Amino acid sequence: GYFLAAKKQQQKEDEAKESEITLYSLKEDDITTLHYKNGTADITFVKDDKSWKLKDDKAFPVNQSKVKNMVADVAKMTAKRLVAQNCDDMTDYELDSPQLVVELSTKSGDTKKLSYGLETAAAGGCYAYMDQEKDVYVVASNVTSDFEYTRNQLMKVPDAPDIDLDRVNVYQVKTAKGESFTAKK
């Protein structure tokens, strides 16, 4: 019984993969620019050798793992299904003012732009369209959570040193504006 159930489950998974629509597929290592715009941020990263930098502030300490996760999420994009072809009214899908827009560029100059709209529980994803095409698809919505970061949330914060509190005798805070204070044990 277990063997048959496992085989049936594998057949369902294989059928689901076959029915997916590949919108594009890029190699992660070939992606040189990642730009995204959501309700709170409009951020562009450029790849400098092996690390990602903010386009407008190369000295900003970027959390590399967060950016790499974003790139991995959108390097290959598949859709669960095509909802509307040559759609003239994007408002039904909230694609007239997308909640998230992701643009990728590669070394060879290939660019991809994906706009995300309304999340749909019934279809198990969210509506999206590519570049300037008017075809609306349902894509996985789990990708959008990796693009909710603001600029400051993408900062790599250095690890705090381990301090034995029994050895701390004085704690002092100096502020540029406002009140400074000192606490003594």
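**Aromatic pairs in a predicted model**

Good morning. Please bear in mind that the structure shown is a predicted model.

The structure holds three aromatic pairs. Y36 and F147 form an edge-to-face pair, because their ring centres are 5.3 Å apart and their planes meet at 75°, where an angle over 60 degrees counts as edge-to-face. Where in the chain do Y36 and F147 lie? Y36 belongs to strand β2, residues 31-37, whereas F147 sits in the loop between β9 (136-139) and β10 (170-173). The two are 111 residues apart, and the pair thus links distant parts of the chain.

Another edge-to-face pair is formed by Y93 and Y127, with 4.7 Å from centre to centre and 65° between the planes. Y93 lies in the loop between β5 (76-84) and β6 (100-106), and Y127 in strand β8 (residues 125-130), so this pair ties together parts that are 34 residues apart in sequence. Are these residues buried or exposed? Y93 is buried, at a relative accessible area of 14%, and Y127 counts as buried at 12%.

Let me turn to the protein as a whole. The protein has two helices and 11 strands. Buried residues account for 31% of its 185 residues. A compact globule of 185 residues would have a radius of gyration near 16 Å, but this protein has 23 Å. Along the principal axes, the C-alpha atoms fill a box of roughly 65 × 50 × 35 Å. Finally, of the contacts between residues at least 6 apart in sequence, 55% join residues at least 24 apart. Thank you.

Definitions and conventions: Residues are numbered from 1 along each chain as its sequence is written. This is a predicted model: local features need pLDDT of at least 70, side-chain atom pairs count only at pLDDT 80 or more; totals for chains, interfaces and linings use all residues. Side-chain values use heavy atoms; hydrogens and water are left out. Rings of Phe, Tyr and Trp (its six-membered ring) pair if their centres lie within 6.5 Å; planes under 30 degrees apart count as stacked, over 60 as edge-to-face and the rest as tilted. Helices (H or I, at least four residues) and strands (E, at least two) are DSSP runs, numbered from the N terminus. Buried means under 20% relative accessible area, exposed over 50%, partly exposed in between (1.4 Å probe, protein chains only). The radius of gyration is taken over C-alpha atoms; the globule rule is 2.2 Å times the number of residues to the power 0.38. Contact means heavy atoms within 4.5 Å.
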